[in-house]
Amino acid sequence: MELENLLKELGIKEASQEEEVKRVSFTPETCDVWDFSYCDHRFGTKGYLGRIPGQYVQNILYYMEHDIEPTLFYGRITKVVDPMAGSGTTQDVVKWYNLYFSRDIKCFSYDLNPTREFIKYNDLDQGLPEEAKDCDLIVFDPPYYNMKKYNPGGYSDYLTFYKKIFQWAGEIYKVLRPGGCVAFFISDYYSGVSKYKEPLSMNCSQLFFKAGFKHRIRIPAPVRNPFTQNNKFMHLLREIWFLEKYEKEA
Ligand SMILES: C[S@@+](CC[C@H](N)C(=O)[O-])C[C@H]1O[C@@H](n2cnc3c(N)ncnc32)[C@H](O)[C@@H]1O
């Protein structure tokens with residue numbers, strides 16, 4: 001209180017939330033590889049295993065709304081959905097984006113295991129709620145097979161996982177508006193036993209094509225893991241696939 005009075009006397013007013021946000025300027029990533037070595041602390045929850053750097057979502061929103069990269073340009077976004085929100089990174093970034101660019105984008109976040117007050121319980125196996133319908137963008141960051149087991153047993157084999165991805169692609173297709181985009185994060189997988197790495201990224205993208213999506217662009221988004229756990233995470237590439245809900249012109 002005393003400090004408040006002193007600031008008032010000196011004519012110093014507290015920065016508004018908007019001014020506070022604009023204090024840290026945003027520079028879009030111009031490289032073909034989006035390589036962030038740390039998670040911006042403003043987005044998602046510290047220590048959450050599987051959290052993506054919010055800088056990805058900042059760039060996704062920026063490039064979709066600004067006519068710079070023609071294949072990524074979408075126009076005005078009004079609604080964003082994250083069906084597997086984890087620690088809530090997407091919604092934190094949308095909140096930041098709205099303040100930074102004076103926008104009013106709505107965001108809905110869901111998860112089987114909600115970790116924040118704004119994340120609602122929803123099992124994507126059962127589809128997405130009505131409020132998610134007609135969205136422009138879905139940020140989709142599912143489990144990368146069994147890299148982290150979000151459900152007790154994980155997935156019993158690759159085929160079971162691929163069936164899930166195909167089913168989830170179908171659910172995502174239902175709620176996107178025509179021309180809408182899913183930014184799909186996926187990494188290849190290594191069991192630590194066989195000498196073959198499972199090309200999850202390539203195979204899952206094919207399943208999205210089969211579900212009716214068209215490829216717009218894909219961006220390497222490497223995971224910077226230290227080489228631990230029997231080098232399980234060594235030389236795995238994560239990618240972001242930008243896939244459009246494609247409807248043939250009449
Ligand atoms: C890789 S994490 C997402 C991390 C998030 N992008 C972040 O930055 O914090 C995957 C999430 O998918 C959720 N999940 C797995 N299966 C699901 C399902 N069937 N329906 C909804 N959420 C699911 C898990 O609970 C987990 O939180």
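Predicted model: local features only at pLDDT ≥ 70, side-chain atom pairs only at ≥ 80, totals over all residues.
Strand β1, which spans residues 79-82, and strand β2, which spans residues 106-111, run parallel to each other and are joined by four bridges. Between β1 and β2 the chain passes through helix α4, residues 89-100, in a β-α-β crossover that is right-handed. Within this pairing, Asp82 has Ser109 of β2 as its bridge partner.

On from β2, strand β3, residues 119-121, pairs with β2 in the parallel sense, here over three bridges. In this pairing Asp111 stands opposite Tyr121 of β3.

A further parallel pair is formed by strand β4, residues 135-140, and strand β5, residues 176-187, which share five bridges; Cys135 stands opposite Leu176 of β5. Helix α5, residues 158-175, belongs with β4 and β5 to a β-α-β unit that is right-handed. The pairing of β5 with strand β7, residues 238-245, is instead antiparallel and extends over seven bridges, with Ala183 standing opposite Phe242 of β7.

The strand pairings can be set side by side as follows.

| Strands | Sense | Bridges |
|---|---|---|
| β1 (residues 79-82) and β2 (residues 106-111) | parallel | four |
| β2 and β3 (residues 119-121) | parallel | three |
| β4 (residues 135-140) and β5 (residues 176-187) | parallel | five |
| β5 and β7 (residues 238-245) | antiparallel | seven |

The next topic is the nonpolar core. The largest nonpolar core has 58 residues, and those touching the most other members are Met64, Leu137, Ile138, Val182, Ala183 and Phe184. Once neighbours within four places in sequence are set aside, Ile138 is in contact with Val81, Pro83, Ile172, Leu176 and Val182. Among these contacts is Leu176, the residue of β5 that stands opposite Cys135.

Leu61 lies in helix α3, residues 54-65. Because 26 other C-beta atoms lie within 10 Å, Leu61 counts as buried, and it touches Ile77, Val93 and Tyr97 when residues up to four places away in sequence are not counted. Leu61 and Leu176 are separated by 115 residues in sequence and by 16 Å in space, taken from C-alpha to C-alpha.

Asp92 is placed in helix α4, and it is buried because it has 22 other C-beta atoms within 10 Å, where 20 or more are required. Apart from neighbours within four places in sequence, the residues in contact with Asp92 are Arg42, Phe43, Gly44 and Gly54. Gln58 lies 34 residues from Asp92 in sequence, and the C-alpha to C-alpha distance between Asp92 and Gln58 is 10.0 Å.

Helix α1, residues 2-9, is hardly covered, since the count of buried residues among its eight residues is zero. After α1 comes Gly11, which has a positive phi near 75°.

Most residues other than glycine have a negative phi. Asp134, which is not a glycine either, has a positive phi of about 65°, and its place is in the loop between β3 and β4. With 12 other C-beta atoms within 10 Å, Asp134 is exposed, because the cut-off for that class is 12 or fewer.

His66 belongs to the loop between α3 and β1. Its 14 other C-beta atoms within 10 Å make His66 partly exposed. His66 and Arg76 are 10 residues apart in sequence, and their C-alpha atoms are 8.7 Å apart in space.

The last topic is the ligand. The ligand is surrounded by 21 residues, of which Met84, Gly86, Ser87, Thr89 and Asp141 are the closest. By class, the shell around the ligand consists of nine nonpolar, seven polar and five charged residues.

Technical notes: Residues numbered from 1 in each chain as written. Near = placed C-beta within 6 Å. Nonpolar A, V, L, I, M, F, W, Y, C, P; charged D, E, K, R; others polar. Core = buried A, V, L, I, M, F, W, Y, C linked by C-beta atoms within 7 Å. Contact = placed C-beta atoms within 7 Å. Pairing = 2+ DSSP bridges. Helix = DSSP H or I, 4+ residues; strand = E, 2+ residues; numbered from the N terminus. Right-handed = clockwise from strand over helix to strand, strands pointing away.
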